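Subject: Structure handover

Hello,

Here is the structure I said I would pass on. My notes on what turned up in it come after the model.

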Amino acid sequence: MDTGVRQLAELIAASEQIVAFTGAGVSTESGIPDFRSPGGVWDRYGPINYQDFLRDPESRRETWRRGLHTYPVVAAARPNPAHAALVELERLGKLRAVVTQNIDGLHQAAGHDPERVVELHGNAHGVRCLECSANFSRADVQRRVLEGEDEPACSACRGVLKPTSVSFGEPMPLEAVRRAEREARASDLCLVVGSSLVVFPAAYIPRYAIEAGAELAIVNATETPLDDVAAVVVRGRAGELLPEAVALARGLIRPLTNGSG
Ligand code: APR
């Protein structure tokens, strides 16, 4: 048993108001590449930023072209044991919220109360018209692209369509950001799973938790800028180590006894 796993289990057992903060690393074992590991998304594509998407039809066409390759991987992905371990924390009554940078919807698919999942960077499964705000499913719009529409327009008003994931330079959903900060500041443990913690403002969330007096635990395959202020760092695969820690924590929590005190 990795000592970090045991220490994490003890921290989880002692915490009642956990906020999980997740990044792409929690979904790599579901088959979705992360961004900054070797072979990750940014090794293959340059980011398309929001202003270019709005101004340049070629950026919009490139977005939909990329979606032909990237969206099927997200749509086919299923939650892995790391996602399930976080759902177990909710079932144990210990989880306030999952604040995620991910757009894959796997936390909701794993069984969390959707109200407890805060998506800072939106969601890849939706498409919205920038003119009339009509909503469409990403699968339907990608199908239109597959059938030859290289820049599908809104079927209601012919306006510009955009996936509901947040692009670089696009304002983050204000309510999600405010909710994430509130949850972090109310937590007694911020559990980072699978994030490089280098993208802001999202990466402020664990820092807000620390400022409010919460402990910090990090489960990540590689070093992060917050490792030296974390109470526990568990180095390795979240799909293997997080379930171990949660199972151990469950054993440490006094089993509820019916009335015998
Ligand atoms: N188990 C644990 N950690 C893992 C695993 C795994 N199975 N796989 C990858 N990791 C770690 C990597 O070592 C890396 O530190 O997860 C981290 C993922 O970091 P990034 O690829 O930078 O992803 P993320 O932190 O989510 O990026 C934040 O950047 O590009 C933007 O909008 C994008 O939401 C994303 C944001």
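The shell around the ligand has 12 polar residues, seven nonpolar ones and four charged ones. Please keep in mind that this is a predicted model. There are 23 residues around the ligand, and those that come nearest are Glu29, Arg36, Ser195, Ser196 and Thr222. Two domains contribute to the shell: domain 1 (1-32 + 79-121 + 173-261) and domain 2 (33-76 + 123-165) each provide at least three residues.

A polar backbone atom of phenylalanine 35 is 2.8 Å from a ligand oxygen, and an N or O atom in the side chain of histidine 121 is 2.9 Å from a ligand oxygen. On the nitrogen side, a ligand nitrogen is 2.8 Å from a polar backbone atom of alanine 238. How much of the ligand's accessible area does the protein cover? On its own the ligand has 730 Å² of accessible area, and the protein covers 93% of that.

Next, the nonpolar core. The largest one has 27 residues, and Leu8, Ile12, Leu89, Leu191 and Leu242 have the most contacts inside it. The element that gives the most is α10, with six residues.

Strand β8 also holds asparagine 220. A polar atom of the asparagine 220 side chain lies 3.4 Å from the backbone nitrogen of glycine 194. Is asparagine 220 buried or exposed? Its relative accessible area is 7%, under the 20% cut-off, so asparagine 220 counts as buried.

Glutamate 10, in helix α1, is a contrasting entry in my list. Its relative accessible area is 41%, which falls between 20% and 50%, so glutamate 10 is classed as partly exposed. As a distance check, glutamate 10 and aspartate 43 are 33 residues apart along the chain, and their C-alpha atoms are separated by 38 Å.

Most residues other than glycine have a negative phi, and most peptide bonds are trans.

- The peptide bond between phenylalanine 200 and proline 201 is cis, with omega at about 5°. Proline 201 sits in the loop between β7 and α9 (204-211).
- Leucine 197 has a positive phi, near 55°, and is found in the loop between β7 and α9. Leucine 197 is buried because its relative accessible area is 2%, under the 20% cut-off.
- Serine 133 has a positive phi, near 65°, and belongs to the loop between β4 (122-129) and β5 (135-137). Its relative accessibility is 44%, between 20% and 50%, so serine 133 counts as partly exposed.

Regards

Note on methods: Residues numbered from 1 in each chain as written. Predicted model: local features only at pLDDT ≥ 70, side-chain atom pairs only at ≥ 80, totals over all residues. Heavy atoms only, no water. Near = heavy atom within 4 Å. Polar contact = N/O pair within 3.5 Å; in protein donor to acceptor, adjacent residues only side chain to side chain. Areas by Shrake-Rupley, 256 points an atom, 1.4 Å probe, with all protein chains shown as cover. Nonpolar A, V, L, I, M, F, W, Y, C, P; charged D, E, K, R; others polar. Domains from an automatic or database assignment. Core = buried A, V, L, I, M, F, W, Y, C linked by side-chain atoms within 4.5 Å. Buried < 20%, exposed > 50% of the residue type's maximum accessible area, 1.4 Å probe, protein only. Helix = DSSP H or I, 4+ residues; strand = E, 2+ residues; numbered from the N terminus.
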